[in-house]
Amino acid sequence: MRVGVDYYPEHWDKSLWAADADLMKQTGVKLVRMAEFAWCRLEPRDGVFDFSWLDEAVALFADRGIDVVLCTPVSCPPLWLYEKHPDIVHVEKDGTPTRLGIRSHRCVTNPVFLQYADRITIEMAKHYAGNAAVVGWQINNELEAYFCYCGHCIDKYRTWLQEKYGSLENLNRAYGNVVWSGEYSSWAQVTPPFGTLPHAWQNPAYMLDYYRFCSDNVIDFSNRQAAQLRQYCPGRPVTTNVWFCEHMPDFYKQFDGLDFISYDNYPATRLPSDPESCYSHAFHLDMMRGVKRQPFWIMEQLSGGKGCWAPMEKPPLPGMIRGYALQAFAHGADTVVHFRWRTANIGAEMHWHGLLDHSNVPGRRFREFADMCIEANALEKLQGTEIKADVAILFAFDNEYAFRIQPQTDGYYYMEQLQRLHRAFMGLGLNVDIIGQHEKLDGYRIVCAPEMYVTDAGVVERLNEFAMKGGTVILTTRSGVKDRNNNALMTLLPGPYQEMAGVHAVEYAPIGWEAVSVLFGDGTELQAKQWCDVLETDTAEVLASYNGDYYCGAPAITRNACGQGQVYYIGTVGTQPVYDRVAGMAAEKAALPVIAGLPPRVEIVTRTGREASAKFIFNNDDQPKSFVMDGQEISLAPFEMKVVLI
Ligand code: GLA
Ligand code: ZN
């Protein structure tokens, strides 16, 4: 398991480079990532390339046995390029071109920008093709499926719609454009959602397609870059670094075209006092592993206090640097690259701290990093071990987009129920996969399919089959609501899931910030909020009913026998204990090997291999923990990770 750092030779006087590389080697750093923002130094004038300084830096690392990942620097075109071609900028929703000054101002659809991006990418790829120290490529930096309102994006969007629908008539029908006299009578009337009004005021069918288009558009760009890198610098794996941003591309589609996934991981340094908060990044890590169902990289890992985009925050607490890096390894990362080696002394991000502070004097965080490097390097024997999960949670970008377009009720977020289910199963000591909804379900015992809002008939069929053959499915409210176009289905909810769930809703109450209690058969009362389906059972048994409000007594959570399997339906948004309870019931019925009595915020991942297997036991809390597992007392300091060979 390999540790790296993000390094910016162009930010430092050359006299520092060799000492930096020496200290990296001595510390156990095995990889550096460089150059994602360095276009102005790599092509200082139009068509004039200068790779000499980067060659020097690469050589310093190569001499010390440190591998290099280079990036295509296309997120930050140099100012000479903007001056020559001012129209390559991204255009804002009010139709005005973005003002220069920060970064990522370019539009990835603009043909002139693409010519220049192609050229620098191909030049770099050719230049480093023969350099064995360059072991991989990162495309751009944090590519987002942002909305751009330039003429090129509008034209491409119209073409995308023409290919999808063939005719305006089909498009009008799919979107239900008759509402508010919105029917298009020419393609020229089709525009992106200009203006600052909330997107919920727009037609949801149109908006969902617009999100999908923006995702496809940015994926075209990453595929284009990947093809160039593969052609001119063959044999090096290609990735791009993603994060959970407002405009996420569909990672499942995007990484179909790339070799491995990499993720920028910045867990919070201030622990929330609210016990409901799902602050653990275990969810994100499991989701990253699930994108390609392969080991992944962290391309940027928390190293110091965050700042600059917002006022400065607490630095990582003692134990966090080590604990969070090992947490990423535990969940399937095979490389963790820390952002950044040293805090910048120049530029807008000077308060986003790296491993070393402005002073360049190694301190507490650096010493902890150095200890972690030793430990990570010693985990070599667990490289290649697998995380086999009995439990999966399905994720869909259509749902992510659709819930952003139409927020359901106050405080309702798509990811929240997924995170609570994840936390509930992790709390039982089980491995959990988070996978795309189109993935095969073979091998799982329990599949959580939360908030299956935008319906995909194939997915419904697969879930049904999975249950019929003996699997357990956990469905939740807001499932089967929309068709693929994001129009409402004319059916009782949960729509096409009704038969497998054996239950239907006669009404629903979006209760926002209000709360209502749900009463389980054994008299336990737990809290729910945000949403209440008022259910009537068809064939299901009632596990819990509402104990308040006008629908008092109506079923809230049910279980149905479906073929040889079971289907749970959670008709409300529960607080964490609701999911803990349902997960506990489902795991018990499926006879999964749960670990009883794990204290809160203790996370266990089991990795199995032919040579060696281990349990990674992590205390994701600032309080010490102890518990008994397999008759053995386990004590953990704050943020301690114990790797127990099994
Ligand atoms: C992101 C970016 C980095 C840097 C960090 C810290 O992850 O990829 O370039 O800006 O955030 O702000
Ligand atoms: Zn554009």
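Because the model is predicted, local features are given only at pLDDT of at least 70 and side-chain atom pairs only at pLDDT 80 or more, whereas totals for chains, interfaces and linings use all residues. Residues are numbered from 1 along each chain as its sequence is written, chains are lettered from A and ligands numbered from 1 in the order of writing, and side-chain values use heavy atoms, without hydrogens and water.

The shell around ligand 1 consists of Phe37, Arg103, Asn141, Glu142, Asp264, Tyr266, Glu300, Trp309, Phe339, Glu349 and Trp352, a residue being counted as near a molecule if one of its heavy atoms lies within 4 Å of it. By class, this shell divides into five nonpolar residues, one polar residue and five charged residues, where Ala, Val, Leu, Ile, Met, Phe, Trp, Tyr, Cys and Pro count as nonpolar, Asp, Glu, Lys and Arg as charged, and the others, Gly among them, as polar. Oxygen atoms of the ligand approach N or O atoms in several side chains, at 2.5 Å for Glu300, at 2.6 Å for Trp309 and at 2.8 Å for Asn141. The protein covers 95% of the 300 Å² of accessible area that ligand 1 has on its own, with areas computed by the Shrake-Rupley method with a 1.4 Å probe and, for residues, only the protein chains shown counting as cover.

Arg340 is placed in the loop between strand E9 (333-338) and helix H12 (364-378); helices (H or I, at least four residues) and strands (E, at least two) are DSSP runs numbered from the N terminus. A further cis peptide bond, with omega near 5°, connects Leu493 to Pro494, and Pro494 lies in the loop between strand E13 (472-476) and helix H16 (498-501). Such bonds are noted because most peptide bonds are trans.

In the loop between helix H7 (168-175) and helix H8 (204-232) is found Trp180, which is exposed at a relative accessible area of 77%, the term exposed meaning over 50%, buried under 20% and partly exposed in between (1.4 Å probe, protein chains only). Ser181, in the loop between H7 and H8, is exposed at 71% and has a positive phi near 55°. A positive phi, near 50°, is also found at Asp630, which is exposed at 72% relative accessibility and is placed in the loop between strand E22 (625-629) and strand E23 (632-636).

Asp6, in strand E1 (residues 2-6), is by contrast buried, with a relative accessible area of 0%. The side chains of Asp6 and Arg33 are joined by a polar contact of 2.7 Å, defined as a pair of N or O atoms within 3.5 Å, of which, within protein, one must be able to donate a hydrogen and the other to accept it, residues adjacent in sequence counting only if both atoms are side-chain atoms.
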